[in-house]
Amino acid sequence: MNEYLLWLIIVVTAVILIPIAAAVIRNIDYKRQISGKRKVRTLKEGEQVKVEGGAPNMDMEILAAEAKMKSAQNVMGPGGLGG
């Protein structure tokens with residue numbers, strides 16, 4: 001049983017620490033680029049930035065915002081939460 005607990009602790013620790021370490025490394029690299037210690041990376045000729053999902057559909061965004069507001073009114077308004 002202790003071996004399973006040890007592996008669980010190792011996996012959970014790795015899941016937590018790996019993104020933190022990646023963020024710290026990106027932050028250090030950014031600061032070195034801004035200070036001039038490292039060459040600023042740019043896009044090469046003919047290279048494009050990949051954007052996922054394309055342009056947002058404004059009608060869908062408006063409907064989603066309305067639904068969020070209505071659900072908040074139901075919870076926080078008169079008679080909400082058992083009232």
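Predicted model: local features only at pLDDT ≥ 70, side-chain atom pairs only at ≥ 80, totals over all residues.
Take Ile 28 as an example. Ile 28 sits in helix H1, which spans residues 2-35. Its relative accessible area is 48%. Buried residues fall under 20% and exposed ones over 50%, so Ile 28 counts as partly exposed. A patch residue needs over 30% relative accessible area, and Ile 28 has 48%.

## The salt bridge

How many salt bridges does the structure hold? There is 1. Asp 29 and Arg 38 are its partners. Their closest N and O atoms lie 3.3 Å apart. The cut-off for a salt bridge is 4 Å.

Are the two partners buried or partly exposed? Asp 29 is buried, because its relative accessibility is 16%. Arg 38 is partly exposed, because its relative accessible area is 37%.

## A buried glutamine

Gln 33 also belongs to helix H1. Is Gln 33 buried or exposed? Its relative accessibility is 14%, so Gln 33 counts as buried.

Which residues does Gln 33 touch, leaving aside neighbours within four places in sequence? Its contacts are Arg 38, Lys 39, Val 40 and Arg 41. One of them, Arg 38, is also the salt-bridge partner of Asp 29. Arg 38 therefore links two parts of this picture: it contacts Gln 33 and pairs with Asp 29, while staying partly exposed at 37%.

Note on methods
Residues numbered from 1 in each chain as written. Heavy atoms only, no water. Helix = DSSP H or I, 4+ residues; strand = E, 2+ residues; numbered from the N terminus. Buried < 20%, exposed > 50% of the residue type's maximum accessible area, 1.4 Å probe, protein only. Contact = heavy atoms within 4.5 Å. Salt bridge = Lys/Arg side-chain N within 4 Å of Asp/Glu carboxyl O.
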